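Here is a short briefing on the structure shown below. Read it with the model open.

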Amino acid sequence: MAVHIGDTCINCGACIDECPVEAIVDEDDNPTGEEIYYVYNDKCVECVGHHDEPACATACPTEGCITWDAIGGSPSHREDITDEQRANKVPVVD
Ligand code: SF4
Ligand code: SF4
């Protein structure tokens, strides 16, 4: 993974158009079948080269729905995020 959308997602849609690489899909296209938005980790670049912080998390109105996750297939990742932050799914934006 790269960033992860958790089950507190309210399906508001604020994040999807902010993603510079179209890594986010809505609940209808979520491959897990969950009724929430979803980030493809093989597309998400953690907004490296696009924004100072992940734009999806900046746009998200919830408290901490979007978290750091293991790097996995992410094509780019932020060097300043620790393995501990990723392992504990720390919110990208508090
Ligand atoms: S962190 Fe950036 S690249 Fe990754 S899903 Fe969010 S908006 Fe898209
Ligand atoms: S902005 Fe946050 S609450 Fe809204 S759809 Fe995206 S992840 Fe879900």
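Glu22 counts as exposed, because it has 11 C-beta neighbours inside 10 Å. The cut-offs are these: a residue is buried with 20 or more other C-beta atoms within 10 Å of its own, exposed with 12 or fewer, and partly exposed in between, C-beta atoms being placed from the backbone. This is a predicted model, in which local features need pLDDT of at least 70 and side-chain atom pairs count only at pLDDT 80 or more, while totals for chains, interfaces and linings use all residues. Residues are numbered from 1 along each chain as its sequence is written, and chains are lettered from A and ligands numbered from 1 in the order in which they are written.

**Loop between strand 1 and strand 2**

- Glu22 sits in the loop that links strand 1 to strand 2. Its phi is positive, near 55°, though the residue is not glycine.
- Asn11 is in the loop between strand 1 (3-5) and strand 2 (24-25). Asn11 has a positive phi of about 55° and is not a glycine either.
- Asn11 is exposed, because 11 C-beta neighbours lie inside 10 Å.
- Pro20 also belongs to the loop between strand 1 and strand 2. Pro20 has 13 C-beta neighbours inside 10 Å, so it counts as partly exposed.
- Beyond four places in sequence, Pro20 touches Cys47, His50 and Ala55. Contact requires C-beta atoms, placed from the backbone, within 7 Å.
- Pro20 and Cys56 are 36 residues apart along the chain, with 9.5 Å between their C-alpha atoms.

**Overall fold**

- The chain has two helices and four strands, in the order β-β-β-α-β-α from the N terminus. The radius of gyration is 12 Å, close to the 12 Å of the globule rule for 94 residues, so the chain is as compact as a globular protein of that length.
- Helices (H or I, at least four residues) and strands (E, at least two) are DSSP runs numbered from the N terminus. The radius of gyration is taken over C-alpha atoms, and the globule rule is 2.2 Å times the number of residues to the power 0.38.
- The C-alpha atoms fill a box of roughly 30 × 25 × 20 Å along the principal axes.
- Of the 94 residues, 26% count as buried.
- Take the contacts between residues at least 6 apart in sequence: 66% of them join residues at least 24 apart.

**Nonpolar core**

- The largest nonpolar core holds 18 residues, and Val3, Ile24, Val39, Cys56 and Ile66 have the most contacts inside it. Strand 1, helix 1 (55-59) and strand 4 (66-68) each supply at least two residues of this core.
- Such a core is a set of buried Ala, Val, Leu, Ile, Met, Phe, Trp, Tyr and Cys residues joined through C-beta atoms within 7 Å.
- Cys56 contacts Val3, Cys15, Glu18, Cys19, Ile24 and Ile66, leaving aside neighbours within four places in sequence.
- Val3 and Ala70 are 67 residues apart in sequence, yet 7.9 Å apart from C-alpha to C-alpha.
- Ala70 lies in the loop between strand 4 and helix 2 (83-87). Ala70 is partly exposed, because it has 15 C-beta neighbours inside 10 Å.

**Ligand shells**

- Ligand 1 has 16 residues around it, and Cys19, Cys44, Cys47, Pro54 and Cys56 come nearest. A residue is near if its C-beta atom, placed from the backbone, lies within 6 Å.
- The shell of ligand 1 has 14 nonpolar, no polar and two charged residues. Ala, Val, Leu, Ile, Met, Phe, Trp, Tyr, Cys and Pro count as nonpolar, Asp, Glu, Lys and Arg as charged, and the others, Gly among them, as polar.
- Ligand 2 is surrounded by 14 residues, with Cys9, Cys12, Ala14, Cys15 and Cys60 closest.
- The shell of ligand 2 has 11 nonpolar, three polar and no charged residues.

Note on methods: Two residues are in contact if their C-beta atoms, placed from the backbone, lie within 7 Å.
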